[in-house]
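User: I have a model open and want to learn how to read it. Can we take it one feature at a time?

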Amino acid sequence: MIVWRRLSTGIRPVPDPVATPVIWGGAFLGALVLVVTLNSLGGHGRPMFALIGLSLLAALLGLCARFVAAPGTAALCWFFLNGFAIPPAGRLSWAGDRDTGWLACLLAAAVAGTALARIVNARAGYRRISPLGRRPGPPE
């Protein structure tokens with residue numbers, strides 16, 4: 001006898017990513033707090049510290065996000081980096097190579113965080129649904 005069951009019921013082997021607007025809200029607030037903190041500790045005018053911190057923030061947010069959230073996360077982090085971490089504060093500017101490199105670094109960090117999370121979740125999900133948590137293969 002065939003028993004029909006919905007596949008979406010029960011515990012999912014791979015967790016769902018967080019919604020994109022929540023990730024962007026976290027990027028906005030996190031970048032704001034990070035840049036304000038770095039500026040108050042004497043880091044104003046030293047964009048490398050802010051770039052490293054914002055890249056870590058983007059990678060951390062990428063761990064629980066979808067891939068489509070990466071460009072917006074990178075753009076929000078770049079906005080705070082360019083607008084408030086380099087003098088004159090509060091003015092956006094575009095310096096071709098520098099800003100392109102910063103955006104590429106922030107985007108790479110967000111995508112790397114998301115890719116790492118997908119790989120870890122896929123491996124964990126595979127172990128959860130395979131019998132006895134092992135890979136099928138020749139017996140040992």
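User: Which residues in helix 3 are buried?

Analyst: A note before the list: this is a predicted model. Buried means under 20% relative accessible area. In helix 3, that covers Ala70, Gly72, Thr73, Ala74, Cys77, Trp78, Phe80, Leu81, Asn82 and Gly83.

User: How many helices and strands does the protein chain have?

Analyst: It has four helices and zero strands. From the N terminus, the order reads α-α-α-α.

User: What span should helix 3 have, at 1.5 Å a residue?

Analyst: The expected span is 1.5 Å times one less than the number of residues. Helix 3 holds 15 residues, 70-84, so it should span 21 Å; its end C-alpha atoms are 21 Å apart, which agrees. Now try helix 2, residues 47-62: its 16 residues reach 22 Å, close to the 22 Å expected.

User: Which residues of helix 2 are buried?

Analyst: Start with the general idea. An α-helix has 3.6 residues a turn, so residues three or four places apart point the same way. In helix 2, the buried set includes Ala50, Leu54, Leu57, Ala58 and Leu61. Across the protein chain, 29% of the 140 residues are buried.

User: Leu32: buried, partly exposed or exposed?

Analyst: Partly exposed, because its relative accessibility is 34% and that class lies between 20% and 50%. Leu32 sits in helix 1, residues 20-43. With Phe28, Leu29 and Val36, Leu32 forms a nonpolar surface patch of about 340 Å² accessible area together.

User: What share of the accessible surface belongs to carbon and sulfur atoms?

Analyst: 71% of about 9,300 Å² for the protein chain.

Technical notes. Residues numbered from 1 in each chain as written. Predicted model: local features only at pLDDT ≥ 70, side-chain atom pairs only at ≥ 80, totals over all residues. Heavy atoms only, no water. Helix = DSSP H or I, 4+ residues; strand = E, 2+ residues; numbered from the N terminus. Buried < 20%, exposed > 50% of the residue type's maximum accessible area, 1.4 Å probe, protein only. Areas by Shrake-Rupley, 256 points an atom, 1.4 Å probe, with all protein chains shown as cover. Patch = residues over 30% accessible without salt bridge, like charges linked within 9 Å, V, L, I, M, F, W, Y side chains within 5 Å. Salt bridge = Lys/Arg side-chain N within 4 Å of Asp/Glu carboxyl O.
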